[in-house]
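Open your viewer and get ready to select residues by number. We will go stop by stop.

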Amino acid sequence: MVQGKRKSGAPTKRSKSRTKDRTPRTWKQRLKRFTIWGLIACVVMALLGAAGFFIAYRSIDIPKPNAEYLTETTQVYYSDGKGKLGQFAVQKRDAIDYDEMPQTMKDAVVAAENQTFWTDNGLDPKGILRAAFSNAQGNATQGASTITQQYVKILYLTQERTWKRKLKEAILSLKVKNQLSKQEVLEGYLNTIYFGRGAYGIQAAAQAYFAKNAADLNLKQSAALAAILNNPNGLDPADGEDVAQRLLGRYQYVLDSMDKMGTAPAGEVSQAREALPKFPQIKQSAQYGGQRGHALTMVRKELIRLGFSEQEINGGGLQVTTTFTKKAMTAAAEGVAEQRPEGFGPKQLHVAVASVEPGTGAVRGFYGGQDYLESQINWAVAGGQAGSTFKPFALAAAIESGFELKDTFDGNSPYDLPGGGRPVENQGDRSYGRVNLIKATQDSINTAYIDMTLAMPDGPKQIIRTANAMGIPPAEPASPAYGIPTSSPGLQPNTGVALGSQTVSPINMANGYATIANRGVAAEAYIIEKVVDRDGVVRFDHKLATHEALSEGISDDVGYALQQVVKAGSGSAALGLRRPAGGKTGTATNGNGEVSSAWFVGYTPQLATAVMYVRGKGNEQLKDWLPSYFGGSYPAETWTAVMTRALEGEDVESLPGAAYVKGEAPSDGHEYVPPPPPPPKKTKKPKEPKTIKTQEPELPPPPPPTTEAPPPTTEAPPTTPPVTPTAPATVGSPRVRD
């Protein structure tokens, strides 16, 4: 027997003592213990972070300015990927010394971009963190906050949107701040920042916008260039009156900021802020001649929207395949040239064309107006007041709300609005009585469409919602406008929205009608099919995305009404296409009651095309200036000429008939009431003719009989000469009015 053997499970004397002495810790003790360890962990993490930042700071050197990205030219192709549309030329950077830069330019950029530049440490930590998290989450890209950070970004870094890039930017900004003077930073910034028009640096920008050296810039010109820096692709005054107005607002902000900082010449700001400086006509590169410059400008802006940087576009060796076809582009240019009225040159009369493929939204061709070298305004993008070409969207909304094609509305003129205001009139103040929706569309009866709008619940808003679904952008863009217009200025829910006072681009108008051609299925308009980088990596490949904007039946009913416009209404000039087609004419008036635009928009199953005529700045009188200002005249004839060329060799395809969709009318008094049958005619007994007694005259007694034959006659009986019909005088066919 082994002495001292412990029984299983029996506690020893020592263990009993420990058990008795141990007392449970209180929550305060536990919290204290946790806090101590937490502080230790934080200190360790901070030390590790500091060590990591120190190592990164020592290991990351300020590189030499990255100029090699300028070596490879981006090529742009037609939709077949073979035919070359053009390329993006790179404008050489002309660096100048700090002392050569005008003081007004340096002060204007500081006032516009970073007012604390001369006193801050070059970093905005809050801005860095905010931008890093926003960009990492896939939100809109947020730019650098200080001039120092912007300089680092454009010189040394890629456009990668990650927190790692932001951290690297912060380290480089700190090193630049510590190793370069403020003057050196500002000099480098002004020699490298992009000003638009292919101009990098202030010297190139001065030449691109004012045809002078940077040293010769005055206060107004300096403030304008500093304002353009905020959005080089969206604030070029050559892009039209609306853009110039937006630039004016930013320009005035720059001047006011300079005045507030005390860096503007005394007494000059108040006079300078009244208007932008004059921008002279700048001779463009010959490769941008004709419509090519407009196309390349659209492509550049669209690439930026897709996330490509200016550096990549200008020198990244990209291969860009567009949706444009040479056939459709040529058809647009030749069709306009054929039908342009003689004596009306492109400097005053602007003709715009856009063709969109139904089902895909691919923009196949366009005509922006004048030669790009003469003016950089692309009227196929800028657009004009839509007029009655907007009525199909209202018709679709009415059928969606429950009305039917056979329902009737007040076609008399004038039409008094319920709340007062100026009465609505039809063309020529003509009255039609009660008309159904087919007749109202066929003859473009304004009063019937106003009556229809008021009869719909929340009619104006419903019309806009339907138009948006079919491809017409809202009044305000969701993002800045780029290659494809993303807004329709003036598209507001007012009673007359169906009559088209809002501004719509021909590209978007053609795409809206393409939805009807595609039987209610809409697609987003686009111009870039694919982008491949210099390493052969596909950076962008368009994915078709469609949605049902209208049911097939409603779309067919709208399309049937538009076919009647061509067959028997104001768009009969389109019969010259010799294909089934639907379309709508339109004219619009500006705030002065002047006819400001004339349109024809139409489609076949394969292609939808919009044609717009405007004058001067896009909102000036056409009546009594053009030989005929109606949409059924020059615009419809131009449409026919363009479509004839664009569809040459294509199969002739039919269009669907009316579905006559049934619905529950949202308001009473519009249902079709067949006219009563005519009363039966009473049959009258034929009256017996009255017998009229006449007295026979007394005849002389007959002569005595003779046996001699009468002498023969030698005279032939008279004959009636043949009648030669005379042809009616030839009269020129009158132009059909909208």
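Where is the place of alanine 362? Select alanine 362: it sits in the loop between β4 (349-356) and β5 (363-367). Keep in mind that this is a predicted model.

**Stop 1: alanine 362**

Is alanine 362 buried or exposed? Alanine 362 is buried, because its relative accessible area is 0%. Now show what surrounds alanine 362. Not counting residues up to four places away in sequence, alanine 362 touches Thr323, Ser355, Val356, Glu357 and Tyr526. Alanine 362 and serine 79 are 283 residues apart in sequence, yet 9.7 Å apart in space, C-alpha to C-alpha.

**Stop 2**

Select strand β1 (residues 75-77) and strand β2 (residues 84-87). In what sense do β1 and β2 pair? They pair in the antiparallel sense, over three bridges. Pick out glutamine 75 and look across to β2: its bridge partner there is glutamine 87. β1 and β2 form a hairpin, with six residues between them. Find glycine 81 in the turn; its phi is positive, about 75 degrees.

**Stop 3: lysine 106**

Move to helix α3 (residues 103-113) and select lysine 106 within it. Lysine 106 is buried but has no salt bridge. Which side chain of opposite charge is nearest to lysine 106? It is that of aspartate 99, 5.4 Å away. The side chain of lysine 106 does reach a backbone oxygen, that of methionine 101, at 3.5 Å. Show the contacts next. Leaving aside neighbours within four places in sequence, lysine 106 is in contact with Tyr98, Met101, Leu186 and Leu190.

**Stop 4: alanine 396**

Select helix α16 (residues 391-401) and find alanine 396 in it. Alanine 396 counts as buried because its relative accessible area is 0%. Which residues is alanine 396 in contact with, leaving aside its neighbours within four places in sequence? They are Thr466, Met470, Leu550, Ile554 and Val558. Draw a distance from alanine 396 to leucine 550. Their C-alpha atoms are separated by 7.7 Å, though the two residues are 154 residues apart along the chain.

**Stop 5: helix α20**

Select residues 506-517, which make up helix α20. This helix has twelve residues. From its first C-alpha to its last, α20 reaches 16 Å, close to the 16 Å expected at 1.5 Å a residue. How many of the residues of α20 are buried? Twelve of its twelve are, and the helix is mostly covered. Among the buried residues are Pro506, Met509, Tyr513 and Ala517. Step past the helix to arginine 519, which follows α20 and has a positive phi, near 60 degrees.

**Stop 6: arginine 579**

Select arginine 579, in the loop between α21 (552-568) and β14 (582-589). Arginine 579 is buried yet has no salt bridge. The nearest side chain of opposite charge belongs to glutamate 650, 6.7 Å away. Look for the backbone oxygen of leucine 647: it lies 2.9 Å from a polar atom of the side chain of arginine 579. Not counting residues up to four places away in sequence, arginine 579 touches Gln606, Leu647, Glu650, Asp651 and Val652.

**Last stop: the whole chain**

Zoom out. The protein chain comes to 22 helices and 16 strands. Of its 738 residues, 49% count as buried. Among contacts between residues at least 6 apart in sequence, 72% join residues at least 24 apart.

Conventions
Residues are numbered from 1 along each chain as its sequence is written. This is a predicted model: local features need pLDDT of at least 70, side-chain atom pairs count only at pLDDT 80 or more; totals for chains, interfaces and linings use all residues. Side-chain values use heavy atoms; hydrogens and water are left out. Helices (H or I, at least four residues) and strands (E, at least two) are DSSP runs, numbered from the N terminus. Buried means under 20% relative accessible area, exposed over 50%, partly exposed in between (1.4 Å probe, protein chains only). Lys and Arg count as positive and Asp and Glu as negative; His and the chain ends are not counted. A salt bridge is a side-chain nitrogen of Lys or Arg within 4 Å of a carboxyl oxygen of Asp or Glu. A polar contact is a pair of N or O atoms within 3.5 Å; within protein, one must be able to donate a hydrogen and the other to accept it, and residues adjacent in sequence count only if both atoms are side-chain atoms. Contact means heavy atoms within 4.5 Å. The expected span of a helix is 1.5 Å times one less than its number of residues. Two strands pair if DSSP finds at least two bridges between them.
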